[in-house]
Amino acid sequence: MLLRHTPKEITGREALVINPAKTCQPIGAMVAALGIEGCLPHSHGSQGCCAYHRSTLSRHYKEPVMAATSSFTEGASVFGGQANLLAAIQTIFALYNPEVIAVHTTCLSETIGDDVPQIAEKARQEGKVPPGKHVINASTPSYVGSHVTGFSNMCLGIVKNLAVKTGKRNGKINIIPGFTEPSDMEEIKRICAMMKVPVILFPDTSGVLNGPLTGKYLMFPKAGTPVEELKATGDSRATLALGEWASADAAKYLDSAFKVPPVILDLPIGLSATDRFVDALRKAAGVTVPASVEFERGQLLDVMADMHPYLYGKKVAIAGDPDQVTALAEFFLVLGMLPVHIVTGTPGKRFEERIHKMTGTMGRPVNVKCPGDMFLLHQWIKNEPVDLLVGNTYLKYIARDEDIPLVRHGFPILDRIGHSYFPTVGYKGGLRLIEKILTALMDRQDRDSTETGFELVM
Amino acid sequence: MNTQVLEERQDQFHTVGGSAFEMACNRESLAGAVSQRACVFCGSRVVLYPIADALHLVHGPLGCAAYTWDIRGALSSGPELHRMSFCTDLRENDVVFGGEKKLARALDELIDRHSPKAAFVYSTCIAGLIGDDMDAVCARAESEKGIPVIAVRSEGFKGNKREGYSAACRAMMRLVGTGDTSGVPRVAVNLLGDYNLAGELWIIREYFRRMGVGVVANVTGDGRVEDLRRAHGAALNVVQCSGSTMELAKMMREAHGTPFIRASYLGIEDMAASLYAVADFFKNEDPEIVDRTACLVREKLTALMPRLALYRQDLEGKKAAIYVGGAFKAFSLVKAFRHLGMRVALAGSQTGTREDYEELAAICDPGCVIVDDANPLELSAFLEKEDVDVLVGGVKERPIAYKLGVGFCDHNHERKIPLEGFEGMENFAREIHATVTSPVWRFMPRRAGRTGGMPACLEAGI
Ligand code: SF4
Ligand code: SF4
């Protein structure tokens, strides 16, 4: 047993985290920055953090992930990193020539207290930023929040640094897709296209982190939200923020700065949440829902009806990011499943309230912890076993030790592919989730059944 | 490629057979470069983490711990405590008021619950910056709990991985010499600098067993605290790899008079030479050891060579590029590729020293480019220009190679099959063969129009 060191008895813990269910802000900021066309993320700190973030993202996306670093040394840690960042900006434009440098901080530069906006301004004044190029920034200390917070902060950084209001509405809808996979972003764009709604989706990692093999290595693939569109977000009709935790702050900023009305939604995972997204899009853009979208919805509904007997009453443990977990839990409840243990590593009070409210009708107590870790989740499972685990790769230890099927979802997924190419958002995504869950459950049933009880047909 | 090489970086390249050797190495990465390098903490963590019955507690914000949670396949034959991730999770408040109390509480709780044989507490950038007196906290825990509690000074900003290796060696040195060496055989060694990735150390230990050489401590693959404590009982330290544990060997020589030899278990010559060197060391103690060793090597080579010859049929004349963490590994790889009939067109590392690169240049063919701390653009420009067939590298290089339609072999922590020893050489040949001759490359743009027959090995059913 890999995690044999996990005891069943749960005792209070306050001084430490064991087997985290989250990671740190800069990696989220890096992902958001990669969703800008021609953008090089820059980690303002020592090179270790940046190396870790890039390695983790490379493992998750199976794609090259580029980011530069200020390479702090002891000197910078004492005297501040201004000289490093100024030099870095110059080097980056000379060497890699991106359109945008997206600077995020690390624990180190935050603790030292470097004023990145001021340093970026200095770089501009000193002519280190070529005309037409941009340096944007976000403050991402990891001792606050999680990778989700970092993503949210960089989304905010994008609009703060780039959005403008010309006074001429462009008729578009801004969509902030949350810390989701490139496949999900693609799917959201597809749904918007079906509804004939012109959108600015940002950040957009589709084509960047799931790009094709062309035989050329492009440091900046021709994908991501173009800077011109990011500027135009100030002129849009509305902003749909998908996922309160990852997307709301940027939407609220666009509202307060440019009077672009925000609609804050759940991630469109599962039937109801996708319904709400489609409806919000319809209202914001003043369109009607086309038959093609109704058709896809009908297909999902059909599978939900066909398959409910296999899902009903199944107990699930979920670990992941708050936006994902909330939407998944809602979907599972609709399918008749019982999400009995839920953890997220990202701190914030609303999460537990929301889950309790949502599961109130389930008729049984729910374990929910925010911020929690995988160690606690494992202890809960030892006390009350479940039929299915849903979450990132790190759940595989629990899956193995307790012999429970695992459906991988969220970040990071280090040991499987698929997440980059097949969405779990939208009606199609709902189908895929059901398919994955059923496959996991039925494979397990086939494996465990006796010869006599082994059935050919579902 | 010169367009991609900044002027300041020119002296971190060298072409074998070109101008006189002149390379600036072990220098800090340029601010703003997309460096492949990591930090001190990473170095320490990598070296110490395989000690499986110790508690490894990261004193810092959660991210540093999350990224190092069981990412290397350092296998253990017993305890698995090292595969858990423990972190004090420093928050805003701790950054302001200090994290010492939290650290003390965490140690208290963890040592009570998991009864480790020792505890390593890793300092991260933030722990260093807020100035926690980790030594004092660790000393208190040590006296209360009765196990060694060791602060590893691995603040990331203090340098790159090398400094992390030093910090790890200093931490281990706290253990060495504190155990009882009675019962340690006279012909016994410590194996330094092997992490038992994919169970490699077990292969090497088996060779030594057959030679009649005992192993006191694995440093650190499948490592145990008790073994480290009595490591000074061994007659010799066998040190693999360029940097990671050399300092421990030097400290042990200083403190306990233990001599050391350098070894490499990669490739045929280096593997055999390493075994012979150990045999040579003990030949007065055990006159038959040389024969036993020769017999072992002969047996292994008799099995291996015909198989390599088969792979070689398909690989003859193909080109390889090497970009690995340490330069010492690059030496062995250059030689290993020769056995496969392949030419090495680029050899580079993240952390080599000047002497390393000089030595590397000496064994490489003319035209081979030697590079220190390459950025991805340089690397990809090179792979394209030289039209190499395979890149040997680590996690960050893999997707670059694949994007170009170039084969890849992971020779870093993500390798899943053993590449050390004679068995490992065959695995290596098979991996290289599999990736170089894979039919998928026929569809790659850069290879368009070229056709390939069935690789001889596949036809031979290997
Ligand atoms: S550079 Fe510092 S903060 Fe970053 S990973 Fe290394 S120890 Fe942690
Ligand atoms: S120091 Fe902060 S930013 Fe760097 S890896 Fe650790 S938690 Fe993440």
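User: In which order do the four strands of the open sheet in chain B stand?

Analyst: This is a predicted model, in which local features need pLDDT of at least 70 and side-chain atom pairs count only at pLDDT 80 or more, while totals for chains, interfaces and linings use all residues. Residues are numbered from 1 along each chain as its sequence is written, chains are lettered from A and ligands numbered from 1 in the order in which they are written, and side-chain values use heavy atoms, with hydrogens and water left out. Strands (E, at least two residues) and helices (H or I, at least four residues) are DSSP runs numbered from the N terminus, and two strands pair if DSSP finds at least two bridges between them. With parallel pairing, the order in chain B is β7-β6-β8-β9.

User: Which strands of chain B stand at the edges of this sheet?

Analyst: Strands of a sheet pair through backbone hydrogen bonds, either parallel or antiparallel. Each edge strand here has a single partner strand, so one side of each is left without a neighbour in the sheet. The two strands are β7 (214-220) and β9 (260-263) of chain B.

User: What is the bridge partner of B:Asp194 in β7(B)?

Analyst: Strand β6 (residues 188-194) of chain B pairs with β7(B) in the parallel sense over five bridges. In β7(B), the bridge partner of B:Asp194 is B:Thr220.

User: At about what angle does helix α10 of chain B run to β9(B)?

Analyst: Helix α10 (residues 246-256) of chain B lies across β6, β7, β8 (236-240) and β9 of that chain, where contact means heavy atoms within 4.5 Å. Axes are lines fitted to C-alpha atoms, for helices over the stretch in contact, and angles run from 0 to 180 degrees between N-to-C directions. The angle of α10 to β9(B) is about 165°.

User: Which strands of chain A stand at the edges of its sheet?

Analyst: In chain A, four strands form an open sheet with parallel pairing, in the order β3-β2-β4-β5. Each edge strand has a single partner, so one of its sides has no neighbour in the sheet. These strands are β3 (68-69) and β5 (134-138) of chain A.

User: How many charged residues has the shell around ligand 1?

Analyst: Ala, Val, Leu, Ile, Met, Phe, Trp, Tyr, Cys and Pro count as nonpolar, Asp, Glu, Lys and Arg as charged, and the others, Gly among them, as polar. The residues around ligand 1 include A:Cys49, A:Tyr52, B:Cys39 and B:Thr124. By class, six are nonpolar and four polar. The number of charged residues is none.

User: What is omega for the cis peptide bond that joins A:Phe202 and A:Pro203?

Analyst: Most residues other than glycine have a negative phi, and most peptide bonds are trans. A:Pro203 lies in the loop between β7 (199-201) and α9 (227-232) of chain A. For the cis bond from A:Phe202 to A:Pro203, omega is about -15°.

User: What is the positive phi of B:Ala198?

Analyst: B:Ala198 is found in the loop between β6 and α8 (200-211) of chain B. Although B:Ala198 is not a glycine, its phi is positive, at about 55°.

Conventions: A residue is near a molecule or strand if one of its heavy atoms lies within 4 Å of it.
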